[in-house]
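Welcome! Please take a moment to look over the sequence and the 3D view below, and then follow the notes topic by topic.

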Amino acid sequence: MSTRLGLYLALSRGERGESLRTVATRAGRSHVYLAEIEAGAKLASADAALAYADAAGASIDEALRLWKLDGVEAIDDVATDARSRYRSAIRAESHRAAKDR
């Protein structure tokens, strides 16, 4: 049982020639969880979908669209909030990294 999101993440990762471990490490998440999502064994949380998509070089908006299509029960406010929190965290990390240079 594959999911649209799992296939999208696997293809995006494969296009870059990166391992599960590399993408998962970049996302700050588990490579086992990513493998389960790609295989369709588990549905990703909104936060995980966004983190893995970003780490795989995939479109965050497309990943969120596919996540919704896969039947994950979430309302638009939850998805929008997750995207906003993720982007805020990325901005904060960028500011910290720039400050440390």
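Start with E18: setting aside neighbours within four places in sequence, E18 is in contact with R13, V23, R26 and A55. Keep in mind that this is a predicted model.

- You will find E18 in the loop between α1 and α2.
- Is E18 buried or exposed? Its relative accessible area is 18%, and buried means under 20%, so E18 counts as buried.
- The side chains of E18 and R26 make a polar contact with each other, at 2.7 Å.

**Where α2 meets α4**

- Two packed helices are described by the angle between their axes and the distance between the axes.
- Here, helix α2 (residues 20–27) packs with helix α4 (residues 46–55) at an angle of about 115°, and the axes are 8 Å apart.
- The crossing of these two helices, α2 and α4, is right-handed.
- Which residues of α2 and α4 meet? On the α2 side they are V23, A24, R26 and A27, and on the α4 side they are A51, Y52 and A55.
- By type, the residues of this contact between α2 and α4 divide into six nonpolar, one charged and no polar.

**Helix α3, from start to end**

- At the start of α3, a side-chain oxygen of S30 comes to within 3.1 Å of the backbone nitrogen of V32.
- Within α3 (residues 31–39), the residues L34, I37 and E38 are buried. They lie on the same side of α3 because they cover an arc of only 95° around the axis.
- An α-helix has 3.6 residues a turn, so residues three or four places apart point the same way.
- What do the buried residues of α3 pack against? Their partners are α1, α2 and α4.
- Just after α3 comes G40, with a positive phi of about 85°.

**T3, ahead of α1**

- T3 sits in the segment before α1 (4–15).
- With a relative accessibility of 8%, T3 counts as buried.
- Not counting residues up to four places away in sequence, T3 touches I37, G40, L43 and D70.

**Helix α5 and L64**

- S59 caps the N-terminal end of α5, with a side-chain oxygen 3.3 Å from the backbone nitrogen of D61.
- Which residues of α5 (residues 60–69) are buried? They are I60, A63, L64, L66 and W67. Their arc around the axis is only 165°, which puts them on the same side of α5.
- L64, one of this group, has a relative accessibility of 3% and counts as buried.
- Leaving aside neighbours within four places in sequence, L64 is in contact with L50, A79 and R83.
- L64 and L20 are 44 residues apart along the chain, and 20 Å separates their C-alpha atoms.
- After α5 comes G71, whose phi is positive, near 90°.

**D81 in α6**

- D81 has its place in helix α6 (residues 76–100).
- With a relative accessible area of 41%, D81 is partly exposed.
- The C-alpha atoms of D81 and R13 are separated by 25 Å, and these two residues are 68 residues apart along the chain.

Definitions and conventions:
Residues numbered from 1 in each chain as written. Predicted model: local features only at pLDDT ≥ 70, side-chain atom pairs only at ≥ 80, totals over all residues. Heavy atoms only, no water. Buried < 20%, exposed > 50% of the residue type's maximum accessible area, 1.4 Å probe, protein only. Helix = DSSP H or I, 4+ residues; strand = E, 2+ residues; numbered from the N terminus. Arc of directions from axis to C-beta. Polar contact = N/O pair within 3.5 Å; in protein donor to acceptor, adjacent residues only side chain to side chain. Axes fitted to C-alpha atoms, helices over the stretch in contact; angles between N-to-C directions. Left-handed = near helix turned anticlockwise from the far one by under 90°. Contact = heavy atoms within 4.5 Å. Nonpolar A, V, L, I, M, F, W, Y, C, P; charged D, E, K, R; others polar.
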